[in-house]
Amino acid sequence: MDSGVTASVERCIDRHGGTADALIEILHALQQQQGWLSAPTLAAVARGLALPLSRVQGVASFYHLFALNPPPQHRLGVCLGTACFVRGASVLQQRLAQGLAPGWELEQLSCVGACAQGPVLLVDGQIAGVAALELLAQAAGVP
Amino acid sequence: MARIRCCTASGCRAAGGPALQQALQQARADQGLSTAALTIKPVGCLRLCGRGPLVAVDGADGGAPRLYGAVPPAGAPALVELALAADATGAAAALAAQAIDGEHPFFALQQPVVLEGLGLVDPESLDDALAHGAYSQLQRCRAEGRPEQVRARIRRSGLRGRGGAGYPTGLKWDTVALQPPGPRVVVCNADEGDPGAFMDRAVLEGDPHRVLEGLAIAAFAVGAELGYVYLRAEYPLAIARLRRALQQLRQHGLLQHGLLQGLDLQLRVGAGAYVCGEETALLASIAGGRGTPRQRPPYPAQQGLFGSPTLINNVETLAAVPAILRRGADWYAALGMGRSRGTKVFSLSGALPHTGLVEVPMGTSLRTVVETMGGASGVKAVQTGGPAGGCIPAELLDVPIAYETLAELGSMLGSGGMVVLPEGLPMPQLARYFMGFCAAESCGKCLPCRAGTVQLAQVLDRFCDGRASQADLVQLEQLAAMVKATSLCGLGQGAPNPVLSTLRFFRHEYEAACTSGASGEPAR
């Protein structure tokens, strides 16, 4: 077991009060720190909180925003909220899915709440307005 | 004093707000003006999100504020000029294309109660919030020292849950307060997951202290010493603003002694699960578990977080509380119609020119909101209530907006998402869209929802592709009825609604999608 992982996980657990009800907060903090939640990280969390690994794994896999695989270099998110859908987000998504530049990964997002701007794209988690669309398409290697 | 207010909510930020604000500061410096001579103030949502970035110019002459939208950074010097002298004709001409008519029905028909501080208060400043009256009602409640009186006022106001269910707020507060002695918890449900809804995001981003005051008043009214805000992770700016607001309360010592003494307030951030908007799932998530709902009773008001009686109110409900107490329950109850009192905030989006945030008295017709305020034309239907709601066809838009009236039409008031659907949108496709959402968000605990939503999506696929049969139509209706009747929580019970609602008003589109002659076995 990587003692570095264990130490940083333990520090994180301490910062959040060390109780099991903070599990989601702890996973958030660790994902922010490490980019994703690796198997050793989850195991260290389970040990640190004295929880069964199944409980930690169950929670981590339940929520869409916890990444159990290493993240891509860049994420291009397409909001699929109703307003974006009505304004052609699914067509946009299909077009983008045809080919992204290496290092980019396409993700589908549930409504990000910027409905008045739709269709909305997110580049590495940041909302990009329609104006940035052209630039984005270029960056993402879309013809 | 001359002042320019810049919207710093998510929408305007994405549209280039920060660059404009920077350009304004630069333009002010270039003119050799002090920050006192011209205030550039960051504020919350200025409503017409589709025209962002929005700025409001309060002239030195004290006239009505003038609103500008989609201003490029190059327009900053002209804005500064206008703020200093309202009669700067050159600047006014330069900004003519960006000027927004503040007298347009979109603004004129609004009645801000929940949103009264949005666009005026600096969302990152406690001092500014206090100057606008934040926490004054909490102070009054505490000074009067009579929780039962606060509950009576909320009861009399007729306020009902704005998250969608419409449960009378005062009654809920009473239920929690009157449980056997012991600790109580209050929770603000800020897990605004309905696609097409952004009211709560705007309130949290634009006036976070109002929500915290509402939560603190609720805590006082039911005798709770612990409060949580459960906020979805998809709203990073709202999270940052609320974190900062809580930090300010701690720094000023308001949580330790003073105003909020004896109340522990915590922020919990979700991790992307729509079902956590359901109250029992939300409590499971706050406790660090998988967000799966459980059977009720016991209701959270009896047995909720950590086994304690728990009051759960939505952001908008809590944000209405300080205004109700300040202006009086009777004033609030005088707004609205029937059993739906007060105002409701809607996020208006979709196929219409004026998209953004509106707050109108209950009883306002859907047509007024969508056509008069939103400027929509060629409307096919209006979708309300999110994935558990329905579509109201154009010919029924004169319906007054209220919990009961929209339910009668097979839709629901819901949390306040209002999406205008354009003429060309095939309804089976819309139903398929929502079903895909529900299938993806089903927590998997109960079979009808877990498997039923997937099956419904498959049947809907056949309608979307024009390869359905009459038997598919029968199966669609049977499945929808079964999932609605037998699912454990609101997600599953509501999932068939977009299907049932579009079948009710647009059945001919489903029938047209059935391949002629195919009437026997459904196509596989």
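Q: In this predicted model, how far apart are the centres of domain 1 of chain B and domain 3 of chain B?
A: Taken over C-alpha atoms, the two centres are 31 Å apart. The contact uses five residues from domain 1 of chain B and five residues from domain 3 of chain B.

Q: What makes up the side of domain 1 of chain B that touches domain 3 of chain B, by class?
A: You'll find three nonpolar residues there, plus one polar and one charged.

Q: Why are H20(B) and H22(B) called roughly antiparallel?
A: Look at the angle: the axes of helix H20 (residues 470-486) and helix H22 (residues 497-512) of chain B cross at roughly 170°. Angles over 145 degrees count as roughly antiparallel, so H20(B) is roughly antiparallel to H22(B). Their axes also come within 12 Å.

Q: Which residues of H20(B) and H22(B) meet?
A: From H20(B) come B:Leu473, B:Leu476, B:Glu477 and B:Ala480, and they meet B:Val499, B:Leu500, B:Leu503 and B:Tyr510 of H22(B). Sorted by class, that's seven nonpolar residues, no polar ones and one charged. Leu, Ala, Val and Tyr count as nonpolar and Glu as charged, so B:Glu477 is the charged residue in this contact.

Q: How many residues of chain A are in contact with chain B?
A: 31 residues of chain A are in contact with 41 residues of chain B. On chain A, helix H2 (23-34), helix H4 (53-62), helix H5 (82-86) and strand S4 (126-128) each supply at least two residues of that side. By class, the chain A side has 19 nonpolar, 10 polar and two charged residues.

How values were computed:
Residues numbered from 1 in each chain as written. Chains lettered and ligands numbered in written order. Predicted model: local features only at pLDDT ≥ 70, side-chain atom pairs only at ≥ 80, totals over all residues. Domains from an automatic or database assignment. Contact = placed C-beta atoms within 7 Å. Axes fitted to C-alpha atoms, helices over the stretch in contact; angles between N-to-C directions. Helix = DSSP H or I, 4+ residues; strand = E, 2+ residues; numbered from the N terminus. Parallel < 35°, antiparallel > 145°, perpendicular 65-115°, else oblique.
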